[in-house]
Amino acid sequence: MATYYPSDFLSRRNFELAWDRVLRGANSQYKRFFAHLHPSYQFASRTIIRDLIERIRQGHYSPSNSTTVYLPKPSRVLRPITLISLNDQVVYQAIGNFIANKFVKSLSPYYGQKTFGGQYAGKSSKFFFRSWQRGYEGFTSAIRLAYTKGNVVLADFDLVAFFDLIDHKILRAVLESKVKNGEVLDLLCECLERWTVGNPNALIRGHGIPQGPEPSAFLAEVLLNHFDRGTYGHVTYLRYVDDIKLLGPSFSAVRRALVKLDLQSKRLGLVPQAQKIEVRGVADINAELKTVPSMLAGITGQVPLSKSKTAKLESLLRKSIKKVNGELVVTNETHFKFALYRLRPIEGRII
């Protein structure tokens, strides 16, 4: 049964831009899981996109199941990464494009003023986000500037498992303020519901957005914009994704701002991480600043490999697969994922 979608969502231009943005995304570590598929998908992309649009138009599209892998953070806690098919990535990005164009006017006034991460690059850009490096440099510069103005008391406001605990119903209610087409939101919620059950051990349903794809970061920005719009008295509020800094002239002023953030997070169904929220006087602001945010070091960074380590990983990769009836079959999924994740992709490499 055919379903009504806005022409600017279900256009060929939007889906081709979505594929471009999937390829050009700054989430390089995530893309490495799919690098071996990109050339083939690119070769047939016009046909695939045409078929994908028609399946959505006719109501025949259904998102695929996801796979959850766990990557260690510097703290030794595991970060869940949700792997979704390339078709699903294109659909998710097309939805993200559509939503971003609806929200850009309400979000952009805070860019470079209160918020510095996940800044939408605009409808004409082949990139979904502006440079995260420049955004983070702006974030640290704003912290230093606030400190030089006498804001010598600092607090970090952190959220527990932010991406994992985003409630789909609350997210939809927030999106409905700008996105008036129910079919697009129905499609988004269907996708999120399917992708968040990728972990067979998970007990929570109706919560979470996949970590890894760039549209998730934008949905997070839409939700956290409720924090950006708040007023915090004489306290300077600065945010990079879910890393929130409060700088004020006194302990009491900063604590009042923390209470406001706490109440707002509860309205959004989010959970503050109490053990990480600390109000402290600062003598050296440079000692408080990180060179690179841990979340982005984990997403975009890549540890250089020596020739010997590369050779060992390539050997492990080859031993984890074999040919069956002329097709490659993974025989050891753990070794395959371990090696594929760490090896740098080389165009034209044949295993």
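A: In this predicted model, a polar atom of the Thr196 side chain lies 3.3 Å from the backbone oxygen of Glu193. That side chain also reaches the backbone oxygen of Leu192, at 2.8 Å. As for where to look, Thr196 is in the loop between helix H9 (182–195) and helix H10 (214–228). Is Thr196 buried or exposed? Its relative accessible area is 16%, so Thr196 is buried, the cut-off for that being under 20%.

H10 pairs with helix H5 (residues 86–107), their axes 9 Å apart and at an angle of about 30 degrees. The two are therefore roughly parallel, since angles under 35 degrees count that way. The crossing of H5 past H10 is left-handed. On the H5 side, the contact involves Tyr92, Gln93, Gly96, Ile99, Ala100, Phe103, Ser106 and Leu107, and these meet Glu214, Pro215, Ser216, Phe218, Leu219, Glu221, Val222 and Asn225 of H10. Sorted by class, the residues of this contact come out as 9 nonpolar, 5 polar and 2 charged.

H5 has another partner to look at, H1. Here the angle is about 115 degrees and the axes are 8 Å apart. That makes H1 roughly perpendicular to H5, and the crossing is right-handed. From H1 come Asn14, Phe15, Leu17, Ala18, Trp19, Arg21 and Val22, which meet Leu86, Gln89, Val90, Val91, Gln93, Ala94 and Asn97 of H5.

Helix H1 (residues 12–24) packs against helix H4 (residues 45–57) at an angle of about 125 degrees, with 10 Å between the axes. So H1 is oblique to H4, and this crossing is right-handed. H1 brings Arg12, Phe15, Glu16 and Trp19, while H4 brings Ser45, Arg46, Ile49, Arg50, Leu52, Ile53 and Ile56. That contact has 6 nonpolar, 1 polar and 4 charged residues.

Val241 is not a glycine, yet its phi is positive, at about 55 degrees. You'll find Val241 in the loop between strand E4 (236–240) and strand E5 (243–248). With a relative accessible area of 11%, Val241 is buried. Ala161, also a residue other than glycine, has a positive phi near 40 degrees. Its spot is the loop between strand E3 (153–157) and helix H7 (162–165). Ala161 has a relative accessible area of 37%, so it is partly exposed.

How values were computed:
Residues numbered from 1 in each chain as written. Predicted model: local features only at pLDDT ≥ 70, side-chain atom pairs only at ≥ 80, totals over all residues. Heavy atoms only, no water. Helix = DSSP H or I, 4+ residues; strand = E, 2+ residues; numbered from the N terminus. Buried < 20%, exposed > 50% of the residue type's maximum accessible area, 1.4 Å probe, protein only. Polar contact = N/O pair within 3.5 Å; in protein donor to acceptor, adjacent residues only side chain to side chain. Axes fitted to C-alpha atoms, helices over the stretch in contact; angles between N-to-C directions. Parallel < 35°, antiparallel > 145°, perpendicular 65-115°, else oblique. Left-handed = near helix turned anticlockwise from the far one by under 90°. Contact = heavy atoms within 4.5 Å. Nonpolar A, V, L, I, M, F, W, Y, C, P; charged D, E, K, R; others polar.
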